[in-house]
Amino acid sequence: MAAPGENLKINGDRLWDAIHEMAKIGPGVAGGNNRQTVTDADGEGRALFQTWCEAVGCSMGLDQMGNMFAEYPGTDPQALPVYVGSHLDTQPTGGRYDGVLGVLGGLEILRTMKDLGIRTKHPIVVTNWTNEEGTRFAPAMLSSGVFAGMHTQDWAYEREDAEGKTFGDELQRIGWRGEEEVGQRKMHAFFELHIEQGPILEAEGKDVGVVTHGQGLSWTQVTITGKDSHTGSTPMPMRKNAGLGMARVLEKVDEIAWSHKPDAVGAAGHIDIYPNSRNVIPGKAVFTVDFRSPQLEVIKDMEQRLREEGQKIADDMGLEIAFEKVGGFDPVKFDETCVAAVRNAAERLGYSHRDLVSGAGHDACWINRVAPTAMVMCPCVDGLSHNEAEEISKEWAVAGADVLMHAVLETAEIVE
C-alpha cells in the first residue's frame, strides 16, 4: 500500500483551536474541564463535535451506548472502515487533552483530507467512545467494553452514580442514546491518539510514543486484623498492630514490583485504617494493592508473592490476613502491522520516537480484542493527567496528529 508523502501534515493551528473551543464546554474551576459522561455538558460537547463532523461531509452513526461514529466515505463501498478516535468525557477535575486530543486529532485528519482532496479506498470513521473515564459510572472504558463484548448492555445501563442515577437513564435523558446495535460494526483497524499520562516521553525528549502494549492490571484487597488497644498503655511486646502489619506488607509490595523492573509497578492507593483514632493502635487495616505489568506471567507472580509473603508477615506478627481479588484485566499486545504503521509514520516524518507500554487503560485496549489496533502517544508536562493542570505543547499535539494521520491513511490506502 502506498505511504503518504512526507510533506503531508495536518493544520496544527486548526487542531489547537478546536481543542480549546471544546474546552469551553464543561469548564473546570482551575483551567481544565469537568465534562463528565452523560451530563448536560457532555451532550453539548457531543453536539459541537457532530456539527464539526457534518461540516466535513460525514454521516453520524450513534449506537445504543451513545458511541458516536462519524464516517467519511471511501472509494470502495465494500471495504471495511479504518476507525480512529478516543473520548470526549473528562474526570471531575480533568484536563483539556486527555481523550479530546484523540477525537479531534481524528477530525483533523478528515479536515485535511477534504482540504487536499485526498481519497482512500477504505472509509474512515472518527469515534467518540462513551464513558471512557468511568469516574461517574464505573468501570472505565464502559462503552468500548460493551462494544467488545466484555460487558452486557443491560449491566452497563444499570451502573449507578453517587446520586443513584443510572447510566442508561442519563444517556436517554441527554438525548444521545442511538438505535444502532452495539458491536455490530466491523473494523479494518482502529487507531487511538492519546497523551502519555506519564513522564517518559518528556524526560527523554521524544516527540512520539509508539505504543506496543497496554499493561495488565490486578487489584487485590488485603484485610489485616489485629487488636485495637491504647497507644500509651499497651506494652510493645503485647501489641497486635494492624497498621504496622500493613506497612510491612506495603514495603514488600514495593520490593516485588522493583524485582520486575522496568515495566512492572505496584502500590496501594486505597487505604482504610480502623478505628483511625489518634490514641488507638489500629485493629484493622484494609487496602487495595494495584499491580501492573505488560506480561501476564509477571502479574501472576506478583499476586502469588503478595499472598505468600503477606501471610508470612502476618503470621510472624500474630495478625490475621485475608486476600480478595477485586478487579483486573490481562495485558494487551497491540497489532504488529498497525504498530509498524505508527512507527513508520514517525520515521517518515522525522519525529523522534520510542516504543512505549501504556500504563493506563484506554478504549483501544478493549477494541484490540475485536480489531487490529494500535496507539500513538504524545508527551505531557511532568506526566501529569487527571488534573486540571494537565498540559501539552502545540508542537507535541501536532506531531502526534501527524503520525496518526499517516498511519491511518496508509492503512486506509490512499487512492492515487
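UniProt positions are given in the numbering used here, and the annotations may be inferred rather than shown by experiment. Keep that in mind, as this is also a predicted model.

Let's start with the annotated sites.

The unreviewed entry has another "binding site" annotation, on His87, Asp98 and His194. This set spans 108 residues in sequence, yet no two of its C-alpha atoms are more than 9.7 Å apart, so the residues gather at one spot. From this set, the cavity lining takes in Asp98.

Where is it? Asp98 sits in the loop between strand E3, residues 82–86, and helix H3, residues 100–116. Is Asp98 buried or exposed? Its relative accessible area is 4%, and buried means under 20%, so Asp98 is buried. Look at what it touches, leaving out residues up to four places away in sequence. The contacts of Asp98 include His87 and His194. They also include Glu133 and His386. Asp89, Ile195, Gln197, Ser385 and Glu390 are on the list too.

Now His386. It lies in the loop between strand E15, residues 373–378, and helix H12. At 39% relative accessibility, His386 counts as partly exposed. Its backbone deserves a look: phi is near 55 degrees, a positive value in a residue other than glycine.

Val38 has a positive phi as well, about 45 degrees, and it is not a glycine either. Val38 is in the loop between helix H1, residues 12–22, and helix H2, residues 40–56. With 0% relative accessibility, Val38 counts as buried.

Staying with the backbone, on to cis peptide bonds. The bond from Lys261 to Pro262 is cis, with omega near 10 degrees. Pro262 is in the loop between helix H8, residues 242–258, and strand E9, residues 265–274. The bond from Tyr274 to Pro275 is cis too, with omega near 0 degrees. Pro275 falls in the loop between E9 and strand E10, residues 280–281.

Next, the aromatic rings. How many aromatic pairs does a search of the whole structure find? The search gives 9. Take Phe69 and Phe147. Their ring centres are 6.3 Å apart and their planes are at 45 degrees, so this pair is tilted. Phe69 is in strand E2, residues 68–72, and Phe147 is in helix H4, residues 142–147. That links distant parts of the chain, 78 residues apart. Phe69 is buried, at 1% relative accessible area. Phe147 is buried as well, at 6%.

Tyr157 and Phe167 make another tilted pair, with 6.4 Å between centres and 35 degrees between planes. Tyr157 is in helix H5, residues 153–157, and Phe167 is in helix H6, residues 167–173, so the pair ties together parts 10 residues apart in sequence. Tyr157 is buried, with a relative accessible area of 16%. Phe167 is buried at 0%.

Ring pairs join Phe69, Tyr83, Trp129, Phe147 and Phe190.

Two arginines sit over tryptophan rings. The charged end of Arg111 is over the ring of Trp52, 5.3 Å from its centre. Arg159 lies over the face of Trp155, at 3.9 Å from the ring centre.

Last, the cores. In soluble globular proteins, nonpolar side chains tend to be buried together. The largest nonpolar core here has 94 residues. Which residues have the most contacts inside it? Phe49, Leu101, Leu104, Phe191, Ile392 and Val403. Helix H12, residues 394–412, gives the most to this core, with 12 residues.

Leaving aside neighbours within four places in sequence, Val403 contacts Val208, Val342 and Val376, among others. Ala345, Ala346, Leu349 and Tyr351 are also contacts of Val403.

There is also a second, separate core, of 21 residues. Met246, Ile256, Ala264 and Ile321 are among them.

Note on methods: Residues numbered from 1 in each chain as written. Predicted model: local features only at pLDDT ≥ 70, side-chain atom pairs only at ≥ 80, totals over all residues. Heavy atoms only, no water. Phe/Tyr/Trp six-rings, centres within 6.5 Å; stacked < 30°, edge-to-face > 60°. Helix = DSSP H or I, 4+ residues; strand = E, 2+ residues; numbered from the N terminus. Buried < 20%, exposed > 50% of the residue type's maximum accessible area, 1.4 Å probe, protein only. Lys NZ or Arg CZ within 6 Å of the ring centre and 35° of its normal. Core = buried A, V, L, I, M, F, W, Y, C linked by side-chain atoms within 4.5 Å. Contact = heavy atoms within 4.5 Å. 1 Å grid on protein atoms, 1.4 Å probe; cavity = no way out; pocket = protein on both sides within 12 Å on 5 of 7 lines; lining within 4 Å.
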